[in-house]
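Good morning, and thank you for coming.

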Amino acid sequence: MKPRLMEALENMRRHNAGVMSRECFGFEPDVPYDALVVATSWKPDKTVLDPSFTVTQLTQHAYFSGFLVEKEGRRIAWAQTASGACNVLDHILVCAELSFRKMIFAGAVGGLTAAFPVGTICTPEVCFDGTYAGAYFEEKLPAFTPFAPVLPPDRDYVDRVIGLGRRLGYEIKPGKVFCTDSIALEYSHLDEIRATGAELIEMETALFYRLADLFEVPAVALLAVSDNSATGAPLLGRQEPCMDYHRARGWAIPDLIYHIAKGDE
């Protein structure tokens, strides 16, 4: 853990009481977890379809909750937060109280080009940060610097996870991700967003990789394409469920999470 994260945690403790990770998620600091999953909106009791997993809900708050996900002796702390980089920052920072070996982001992403159809499993090779939340890690709050690139802190590790996926029969496709503060208004700026070189769009992975760098544990983001503005596959109002997306979210990504927690990468 880098000093900046330790400092942020101590500043929170100075103004709050109790064990924050327990209060927020039900995670215990003295329990070693094989992995921490960061998931915006995805609750494993609803989205994980593979019955070989055991899912226990630990907490339920208005817009975030904690779960223990287990399979064959592997213990996974699953932190579900609301969407948006600020929500990931606030709730995952308290997980600095925990002991875990891997850090995995699991969530949906929108496609900006026809090369990423709905149901594709992908991972960011670079994130263009259109949010401000990460600036709070600086010593002094800087002026907004739009669309600064954020890279996975350990690209070799991401490549190993891509290789793991290949061995398991899953293609994990690298892509350039734009991180937005608004879903509703992204459609009004699609030309500008695509002009950055982005092929995918979501809200949190730039912040996730900044956190992962501070946590100093191996980290990877696993994303399932849920919609695509380039091909006309909508996020809302789809007439029938997309089975490719549900297979990626409910079966493939949980299987990858298990094998990452197991250390197979």
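Predicted model: local features only at pLDDT ≥ 70, side-chain atom pairs only at ≥ 80, totals over all residues.

The residues I183, Y187, L235 and L236 together make a nonpolar patch of about 410 Å². One of them, L235, lies in the loop between β12 (219-228) and α8 (243-262). With a relative accessible area of 38%, L235 is classed as partly exposed, because that class lies between the limits of 20% and 50%.

Let us now turn to the chain as a whole. It contains 8 helices and 12 strands. Its radius of gyration is 18 Å, close to the 18 Å that the globule rule gives for 265 residues, so the chain is as compact as a globular protein of that length. The C-alpha trace spans about 50 × 50 × 35 Å along its principal axes. Of the 265 residues, 53% count as buried. If we take contacts between residues at least 6 apart in sequence, 76% of them join residues at least 24 apart.

Finally, I would ask you to find strand β8, residues 121-129. How many of its 9 residues are buried? The number is 8, so β8 is largely enclosed by the rest of the structure.

Which strands pair with β8? Strand β10 (residues 172-179) runs parallel to β8, with 8 bridges between them, and here D129 has C179 as its bridge partner. Strand β9 (residues 148-150) is antiparallel to β8 and is joined to it by 3 bridges; in this pairing D129 stands opposite A148. β12 is also antiparallel to β8, through 2 bridges, and its residue A224 is the bridge partner of I121.

Key
Residues numbered from 1 in each chain as written. Heavy atoms only, no water. Patch = residues over 30% accessible without salt bridge, like charges linked within 9 Å, V, L, I, M, F, W, Y side chains within 5 Å. Areas by Shrake-Rupley, 256 points an atom, 1.4 Å probe, with all protein chains shown as cover. Salt bridge = Lys/Arg side-chain N within 4 Å of Asp/Glu carboxyl O. Helix = DSSP H or I, 4+ residues; strand = E, 2+ residues; numbered from the N terminus. Buried < 20%, exposed > 50% of the residue type's maximum accessible area, 1.4 Å probe, protein only. Rg over C-alpha atoms; globule rule 2.2 N^0.38 Å. Contact = heavy atoms within 4.5 Å. Pairing = 2+ DSSP bridges.
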